[in-house]
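Please find below a colleague's note on the structure shown here. The points are numbered so that each may be checked against the sequence and the model.

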Amino acid sequence: MFGLQLNSFEFKNFFVQRIGKNTLVWRLVEFMQGISYSLDYWLYYKTQLIKGKSSITEINIEFVSYCNLRCTLCSLDHEKPKIRMSEEILKDFFEDFLNDAHFRSVKTIHLYNAGEVLLHPKIAEMLDIIKHYKEEAATRKIPFPQIALLTNATILNEKNSKIIVESGVIDNIRFSMDGGSKEKFEEMRARAKWDVFVKNITTFCELNEKSSKRIPTGIITLIGYENKMNTKWMSEEFKTLLNWVDGYELRYAHNWGGDVEVKELKDKKKKSLKVGCSLLMHQLVLLPNGDVTVCCADLNSKGVIGNIKKERLLDIYNKPQRKEMLRKFIQGKKKEIDLCKDCETF
């Protein structure tokens with residue numbers, strides 16, 4: 001929306017905003033999603049009628065495993081090891097990725113997952129590596145995915161803003177801005193300061209507007225279930241910032257694979273008509289140490305199925321444990337999948 005490419009989960013949230021989740025239309029949407037999953041499973045895995053191409057359409061790359069914030073509705077374990085991705089791992093990934101035609105299906109590479117991407121001390125060098133492979137793909141006439149970046153913007157100072165704007169790598173950038181007001185923002189995004197956030201967004205947008213290749217901008221806003229899915233109730237300063245960027249998306253909280261308890265989800269829980277999980281079907285996540293997990297909701301690496309330093313990406317994609325998870329969804333046995341059994345996002 002608004003020039004920004006949405007992944008399947010984001011599209012689902014975007015759609016909820018407009019029709020609600022308890023309507024007949026929404027139930028029909030879930031049913032159609034189930035048909036889509038079943039068809040993909042049949043074509044890519046059961047019969048393998050689609051050859052030479054994977055079902056993966058998006059890959060998340062996590063530059064660092066840690067974050068400077070302590071958001072109230074985030075499941076990230078801040079006690080786990082703090083790891084930064086090396087330049088070698090990023091190069092290994094792109095060498096494999098670019099040379100394997102199976103992954104021409106990937107439309108978007110997201111430079112985020114659990115950690116805050118701008119905490120990487122060599123962010124400029126990491127973006128230069130991606131730029132190299134982007135240019136190599138163009139030379140070889142190989143399609144290259146859109147590169148999307150999401151940041152909490154707390155350290156999006158002038159230096160980091162210039163790095164991003166001048167890199168020539170980022171195709172769209174979004175900022176996390178929860179709450180609906182300055183007070184709610186600082187409550188939900190613990191350790192973040194509203195005035196610093198606003199200053200950083202202002203600095204970035206001013207630099208971006210002067211750039212010869214302007215980057216489309218957006219905001220993702222998590223709001224409480226007590227609020228309506230619109231901006232009428234928000235503070236004026238909050239709405240001003242929302243309207244400054246190219247587009248914004250309002251979301252209610254999900255439960256991060258069951259790792260975060262969201263009371264409203266339990267109270268409103270209904271039997272889903274949907275079969276399968278679009279995240280599991282269409283996504284892989286590269287972690288800072290080279291591990292690959294199956295889903296962006298897995299912030300604490302419970303679903304790791306391989307490591308890019310030891311295996312080809314295609315071999316990881318074809319791992320028996322991943323295929324078994326896909327099969328169990330088809331069979332209606334979600335509760336038998338440890339990673340997914342309590343997840344509300346599928």
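1. **Terms of burial and basis of the model.** In this note a residue is buried when its relative accessible area is under 20%, exposed when that area is over 50%, and partly exposed in between, with a 1.4 Å probe and protein chains only. The model is a predicted one, in which local features need pLDDT of at least 70 and side-chain atom pairs count only at pLDDT 80 or more, while totals for chains, interfaces and linings use all residues. Residues are numbered from 1 along each chain as its sequence is written, and side-chain values use heavy atoms, with hydrogens and water left out.

2. **Overall composition.** The protein has twelve helices and nine strands; these are DSSP runs (helices H or I of at least four residues, strands E of at least two), numbered from the N terminus. Of its 346 residues, 55% are buried. The accessible surface comes to about 16,000 Å², and 53% of this belongs to carbon and sulfur atoms. Such areas come from the Shrake-Rupley method with a 1.4 Å probe, and for residues only the protein chains shown count as cover. A contact is defined by heavy atoms within 4.5 Å. Among contacts between residues at least 6 apart in sequence, 72% join residues at least 24 apart.

3. **Asn152.** The side chain of Asn152 makes a polar contact of 2.7 Å with that of Thr154. A polar contact is a pair of N or O atoms within 3.5 Å; within protein, one must be able to donate a hydrogen and the other to accept it, and residues adjacent in sequence count only if both atoms are side-chain atoms. When neighbours within four places in sequence are left aside, Asn152 is in contact with Cys67, Asn68, Leu69, Glu116, Ser176, Arg189 and Phe197.

4. **Aromatic pairs: Phe94 and Tyr133.** Rings of Phe, Tyr and Trp (its six-membered ring) pair if their centres lie within 6.5 Å; planes under 30 degrees apart count as stacked, over 60 as edge-to-face and the rest as tilted. The whole structure contains 17 aromatic pairs. The pair of Phe94 and Tyr133 is stacked, because the ring centres are 5.7 Å apart and the planes lie at 15°. Since Phe94 belongs to helix α3 (residues 87-99) and Tyr133 to helix α4 (residues 123-139), the pair ties together parts that are 39 residues apart in sequence. Phe94 is buried at 0% relative accessibility, and Tyr133 is buried at 5%.

5. **Aromatic pairs: Phe103 and Tyr317.** Phe103 and Tyr317 form an edge-to-face pair, with 6.1 Å from centre to centre and 85° between the planes. This pair links distant parts of the chain, 214 residues apart: Phe103 is in the loop between α3 and β2 (108-110), and Tyr317 is in helix α11 (residues 313-317). Phe103 is buried, with a relative accessible area of 1%, and Tyr317 is buried at 4%. One aromatic cluster includes Phe94, Phe103, Tyr133 and Tyr317.

6. **Salt bridges.** A salt bridge is a side-chain nitrogen of Lys or Arg within 4 Å of a carboxyl oxygen of Asp or Glu. The structure holds 18 salt bridges. One of them joins Glu187 and Lys184 (3.2 Å, N to O). Because these two residues are three residues apart in helix α6 (residues 182-188), about one helical turn separates Glu187 from Lys184. Glu187 is partly exposed at 48%, as is Lys184 at 26%.

7. Lys328 is buried, with a relative accessible area of 14%. Glu324 is partly exposed at 28%, and Glu336 is partly exposed at 46%.
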